[in-house]
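Open the model in your viewer and keep the selection tool at hand. This tour goes from the whole chain to single side chains.

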Amino acid sequence: MTIMKKTALLLALGILATTQMVKAADIAGFINLKGTPPAAREITPIKDDPNCAALYPGALPKTTFYVVGPNGGLADVVVYLKGISGKSTGASAPPVVLDQKGALYSPQILAIQTGQKLLVKNSDPFVHNVHTKPTENPESNQVQMPGSPDLTYTFDKPEMFLKFQCDVHPWMFAWVSVFDHPYFAISGKDGKFVIKNVPPGKYTLEATHRKLGTQTAEIEVKDSGAEQNFTFEVK
Ligand SMILES: [Cu+2]
């Protein structure tokens with residue numbers, strides 16, 4: 001074997017070893033809701049605002065405090081690794097979009113990293129007033145006219161359920177959880193969640209629903225990943 005071939009082989013082995021060292025796997029699970037939550041209610045104040053009422057000639061939209069799928073899966077649960085800090089990749093992560101559509105925020109439960117851009121859109125034909133009510137980050141209050149450019153937000157400090165509200169439409173709320181690492185997910189309408197690319201190791205995994213509180217599990221992520229389910233109960 002020539003020296004060049006040997007060098008190439010060693011390089012290839014080196015790259016292989018490095019790839020294996022940075023191996024990462026997914027944490028997947030299912031959130032189950034036991035019990036019957038309070039029924040969703042029509043958001044009746046929408047009727048009092050002619051601009052908004054015009055968007056809903058039929059049934060009014062309903063509250064989304066508990067979004068439960070046909071299989072008992074609970075949506076909008078924020079699942080995240082606990083006790084990790086200073087690992088944000090938010091500056092290079094793609095922006096997260098929060099839309100204002102039909103006089104509602106969409107989605108209403110979101111999560112982002114510190115330093116990651118949150119773009120707030122106004123897809124409605126009328127004005128909104130985007131008012132943040134943080135506990136750890138600075139407050140802001142901005143008018144957004146119809147057709148005007150997206151508003152851009154970033155947050156430097158982690159906090160759970162940072163409240164966005166509209167001062168024009170008092171039923172409009174969104175809740176943005178901010179993490180200084182990328183290891184989080186939100187359960188979908190099927191109750192499932194996946195946290196991607198977690199380095200193998202032992203972790204504390206938390207699942208928090210805005211109305212039903214927090215549950216904790218000690219987990220080990222192996223090369224093949226980890227699975228962890230949670231059950232929330234309506235008392
Ligand atoms: Cu509004």
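Start with contacts between residues at least 6 apart in sequence: 61% of them join residues at least 24 apart. Keep in mind that this is a predicted model. Now show the cartoon. The protein has two helices and 17 strands. The accessible area is about 12,800 Å², and carbon and sulfur atoms account for 56% of it. Of the 235 residues, 42% are buried.

**Stop one: the copper ion**

Select the copper ion. Which atoms hold it? The donors are ND1 of H128, SG of C166, ND1 of H169 and SD of M172, at 2.0 to 2.8 Å. Next, look at the angles. The four donor atoms subtend 92 to 132 degrees around the copper ion, so the arrangement is tetrahedral; the rule asks for all angles between 85 and 135 degrees.

Now trace the donors along the chain. Their spacing reads H-x37-C-x2-H-x2-M. Colour strand β7, residues 128-133, and strand β10, residues 159-166. H128 lies in β7 and C166 in β10, so this pair ties together parts that are 38 residues apart in sequence. Are H128 and C166 buried or exposed? Both H128 and C166 are buried.

**Stop two: aromatic rings**

Select Y153 and F155. Their ring centres are 6.4 Å apart and their planes meet at 15 degrees, so the pair is stacked; planes under 30 degrees apart count as stacked. Y153 is buried, and F155 is buried too.

Move on to F179 and F184. This pair is also stacked, with 5.0 Å from centre to centre and 20 degrees between the planes. How buried is each ring's residue? F179 has a relative accessible area of 6%, so it counts as buried. F184 has 16%, so F184 is buried as well; the limit is under 20%. Y80, F179 and F184 form one aromatic cluster.

**Stop three: charges over rings**

Select W175 and R210. R210 lies over the face of W175, 3.8 Å from the ring centre. Then select F65 and K211. Here the charged end of K211 sits over the ring of F65, at 4.6 Å from its centre.

Definitions and conventions
Residues are numbered from 1 along each chain as its sequence is written. This is a predicted model: local features need pLDDT of at least 70, side-chain atom pairs count only at pLDDT 80 or more; totals for chains, interfaces and linings use all residues. Side-chain values use heavy atoms; hydrogens and water are left out. Donors are N, O and S atoms within 2.8 Å of the metal (3.2 Å for Na, K and Ca); water is not among the atoms, so sites may look incomplete. Four donors count as tetrahedral if all angles lie between 85 and 135 degrees; four count as square planar and six as octahedral if opposite donors are over 155 degrees apart and all others between 65 and 115; anything else is irregular. Helices (H or I, at least four residues) and strands (E, at least two) are DSSP runs, numbered from the N terminus. Buried means under 20% relative accessible area, exposed over 50%, partly exposed in between (1.4 Å probe, protein chains only). Rings of Phe, Tyr and Trp (its six-membered ring) pair if their centres lie within 6.5 Å; planes under 30 degrees apart count as stacked, over 60 as edge-to-face and the rest as tilted. A charge sits over a ring if NZ of Lys or CZ of Arg is within 6 Å of the ring centre and within 35 degrees of the ring normal. Contact means heavy atoms within 4.5 Å. Accessible areas come from the Shrake-Rupley method with a 1.4 Å probe; for residues, only the protein chains shown count as cover.
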